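Hi,

Here is the structure I promised to pass on.

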Amino acid sequence: MSTSLKINGKTMTVKAEPDTPLLWVIRDEVGLTGTKFGCGMALCGACTVHLDGQPVRSCQTPLSAAAGKSVNTIESLSRNNTHPLQKAWIAHDVPQCGYCQSGQLMSAAALLKANKNPSDADIDAAMSGNICRCGTYSRIKAAIKTAAAEMNKA
Ligand code: FES
Ligand code: FES
């Protein structure tokens, strides 16, 4: 069976079964490996992508739920690290092992789309489902604030 969906702006048809986790479609069928597998149980946030603009855990989202919809992965932020969040992540030297960071960035991107000037509490609420075993939380928060300031200047 085939399913049509849009990934990073490109309409494509994939052949996976409808109950295949979107994460495996993105990584194995489409070959976009920026989205990571962590827990596989919607607990860590490593696999976060946007589905019609909303952050979702792609490990627990079946392909059928994305049919006809728009999926955006970490690769869609920018091709050359020029998205304000990517620039802020570099400026604050956020990643440690890096494994959780793609999901962190996608949750942060969804937050800044919905709220251009998030408070500490807003950031805590939006990012609470993204776990970092390296404990980079304070740098993530600082980088989100820097990116928000940069986006509000533009
Ligand atoms: S891998 Fe999806 S939430 Fe952990
Ligand atoms: S940077 Fe290592 S898990 Fe977050």
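Predicted model: local features only at pLDDT ≥ 70, side-chain atom pairs only at ≥ 80, totals over all residues.

Residues are numbered from 1 along each chain as its sequence is written, chains are lettered from A and ligands numbered from 1 in the order written, and side-chain values use heavy atoms, leaving out hydrogens and water.

Taking a salt bridge as a side-chain nitrogen of Lys or Arg within 4 Å of a carboxyl oxygen of Asp or Glu, the count is 4. One of them joins K87 to E150, at 3.8 Å from N to O. K87 sits in helix α2 (residues 84-91) and E150 in helix α5 (residues 137-153), so this pair ties together parts 63 residues apart in sequence. Helices here are DSSP runs of H or I, at least four residues, numbered from the N terminus. K87 and E150 also belong to a salt-bridge network with K153.

Helix α5 pairs with helix α4 (residues 120-127) too: K145 meets D120 at 2.5 Å, N to O, and these two are 25 residues apart. D124 in α4 and K141 in α5 are 17 residues apart, and their side chains form a salt bridge at 3.0 Å.

As for accessibility, K87 is partly exposed at 40% relative accessible area, and so is E150 at 32% (buried is under 20%, exposed over 50%, partly exposed in between; 1.4 Å probe, protein chains only). D124, at 42%, is partly exposed, as is K141 at 22%.

Cheers
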